[in-house]
Amino acid sequence: MKKRGLKEFKTFPQSTISEIQRAAKEGIYQIRGLGAKRKVPDFDDLVFLGASMSRYPLEGYREKCKTSVVIGDRFAKKPLKLDIPITIAGMSFGALGANAKEALGRGASSMGTSTTTGDGGMTKEERGSSKYLVYQLLPSRYGMNPDDLRKADAIEVVVGQGAKPGGGGMLLGQKINKRVAGMRTLPEGIDQRSACRHPDWTGPDDLEIKIQELREITNWEKPIYIKVGAARSYYDTALAVKAGADVVVLDGMQGGTAATQDVFIEHVGIPTLGALRQAVDALKELNMHRKVQLIVSGGIRTGADVAKALAMGADAVSIGSAAMMALNCNADLYRKDYEKLGTEPGYCHHCHTGRCPVGVATQDPKLEKRLDPKEGGRQLKNYLTTLTLELQTLARANGKSDVRNLEPEDLVALTVEAAAMSRVPLAGTNWIPGFKEKD
Amino acid sequence: MNFDLSKKKLTDINKYLQNIDRKSNVRKFKIENPSGHHAICAGLKDDIDVTINGHTGYYCAGMNQKASVTVNGNVGTGVAENMMSGKVFVKGNASQSAGATGHGGNLVIEGDASSRCGISMKGINIIVKGSVGHMSAFMAQKGNLIIFGDADEDLGDSIYEAKIFVKGKVKSLGADCVEKKMDEKSINELKKIFKELNISENPKNFKRYGSARKLYNFKIDNAGAY
């Protein structure tokens, strides 16, 4: 039928009508994977100024531009020395299959960077394939084992994540197979909803003591990260420093998840851009910038995103969704399997179903075979290499011989919102909305 | 061998106890003047015997493996948290989250334990000879919480496959926790635990509680249970 002058309701677009009718039919909220789909101010709203009369560029292919970074040298005896400032975010075995975890380890290790466990413990595949492995301590403590704690290269105490600050993990029954259930000490096939608060501490004063315990158990060797979802980022960062963190990991609302309520993903937390600014403010006010490293995640896709995050004051970034996409998440393959899920490549967020068409977010042996861990590792390596080259390109263009010398003065904003959040001036002006220079 | 926490650093004592020479015949240790220090005996991993004379702070014997730790005093939050194996005896009372997330071993508390005792426990046996506070065995996954006294509100809320045994009164049960028949299997299980720990108590005096398993998979009809 030919559509003639049809006007969609702005308040009730088709997707909203469809969701109202789904809710009316099923009587339950929508659960899905990955991160926010709504448009929020992000790194695309910033641009670099590049070199000019007052800034001296470096030769793009000839002059060195350092990318290495030391993570966790505040208190830990053995900080991580990463070759690139791009790490792999925590994603659980359970949410991802063993092949995906191995591929992430392979790709990260080949680039001299770290990968991270998740809610569900450490698998031998990821330990074996990861040069640097960060072990998460989560509220559920699924699979938490002091032997694994000692095997880790760093420990990340997870307070929250960007997709759902204030929410616990969720893994639906279809992904709880025998191995996953065994690692989590749960019956097979149950809908696993892990706790949102830690069982043995509440608040930063307690956390300081918890960190002391972790350090005692691991001989004060391992860097201790504290991961927070982007919410009250200024105070959360300050309190993390107070609690004794070596590293703060800040995850913006664009960050992904294996499964949670859509309403949580879209309506809780703040964008990475604004959170990053607040976290850097807190570190600078405490004279801890560069002493406590800041790792930022949530919507990092390109080398430009990495460069902008570093320019705003991050020491490194972390990628989750993008790393999965490097392993073929949402690739135009196995179209019929996307259709069975009621979706198509580019739109899929069905990690929660366990029916991942490309074998990344699944425990189904047949689907998992679609991801060869060696090939996946190679793809991730290529992607990380590309990000690093892009990052260096932008750093050199701004006259920097070390990517961490990028600074806010290299940036301008394209929108008023982004200027206010990131506190860099609107392009072509000196105006930063809502900001006055101190007398 | 004796350690004095007023004279030696906690980290040095823990490091020593965590790295015992397996050929050494010295397997018994005493720690004097604990003075509420946190993380005393955290991360022990050998079959040694440690007695702490006095009160301890948070996470005493945290993540214990194989060791036997006795506290002649009260303990702070999270005693024997995430214990994997071994034994921890508390002669006084315990604060919140005693035995939290413990995977194995035995925790015996002679006095009372505060709220959330056995939270998210994953296989540990916790014996409390006094009473426990509210939300004990919250989200408890596996193991046994055995209470000689009373249990406060919301016992066993959102419990999985752990078992709770109570000799006294239960103020209220949490979501999805129900009383179950004290069957032969459970009686024998308690007998075995009591025998191992030299506890003279009749298992038949206890009532058993566990999961109704109605909330294992989300059903909209059960939404009101939360």
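User: In which loop does S120(B) lie?

Analyst: S120(B) belongs to the loop between β6 (106-109) and β7 of chain B. Helices and strands here are DSSP runs numbered from the N terminus (helices: H or I, at least four residues; strands: E, at least two). The model is predicted, so local features need pLDDT of at least 70 and side-chain atom pairs count only at pLDDT 80 or more, while totals for chains, interfaces and linings use all residues. Residues are numbered from 1 along each chain as its sequence is written, and chains are lettered from A and ligands numbered from 1 in the order in which they are written.

User: What is the phi of S120(B)?

Analyst: The phi of S120(B) is near 55 degrees, which is positive although the residue is not glycine.

User: Does S120(B) count as buried or exposed?

Analyst: S120(B) counts as buried because it has 31 C-beta neighbours inside 10 Å. The cut-offs, with C-beta atoms placed from the backbone, are 20 or more other C-beta atoms within 10 Å for buried, 12 or fewer for exposed, and partly exposed in between.

User: Which residue of chain A has a positive phi without being a glycine?

Analyst: R141(A) does, with a phi of about 55 degrees. R141(A) sits in the loop between β7 (132-137) and α4 (146-151) of chain A. With 27 other C-beta atoms within 10 Å, R141(A) is buried.

User: Back to chain B: how many helices and strands are there?

Analyst: Chain B has two helices and 11 strands. From the N terminus, their order is β-α-β-β-β-β-β-β-β-β-β-α-β.

User: Why does the radius of gyration of chain B agree with a compact globule?

Analyst: A compact globule of 226 residues would have a radius of gyration near 17 Å, and chain B has 18 Å, so the two agree. The radius is taken over C-alpha atoms, and the globule rule is 2.2 Å times the number of residues to the power 0.38. Along the principal axes, the C-alpha atoms of chain B fill a box of roughly 60 × 35 × 30 Å. Of the 226 residues in chain B, 52% are buried.

User: Where is P79(A), and what does it touch?

Analyst: P79(A) is in the loop between β3 (69-71) and β4 (80-82) of chain A. Leaving aside residues up to four places away in sequence, P79(A) touches V70(A), I71(A), G72(A), D73(A) and P223(A). The C-alpha atoms of P79(A) and K222(A) are separated by 6.8 Å, although these residues are 143 residues apart along the chain. P79(A) counts as buried, since it has 21 C-beta neighbours inside 10 Å.

User: At what angle do α2 and α14 of chain A pack?

Analyst: Helix α2 (residues 98-110) and helix α14 (residues 373-397) of chain A pack at about 40 degrees, with their axes 7 Å apart. Axes are lines fitted to C-alpha atoms over the stretch in contact, and angles run from 0 to 180 degrees between N-to-C directions. The helices α2(A) and α14(A) are therefore oblique to each other; under 35 degrees counts as roughly parallel, over 145 as roughly antiparallel, 65 to 115 as roughly perpendicular and the rest as oblique.

User: Which residues of α2(A) meet α14(A)?

Analyst: Among them are N99(A), A100(A) and E102(A) in α2(A), and the residues they and others of that helix meet in α14(A) include P373(A), K374(A) and L384(A).

Notes: Contact = placed C-beta atoms within 7 Å.
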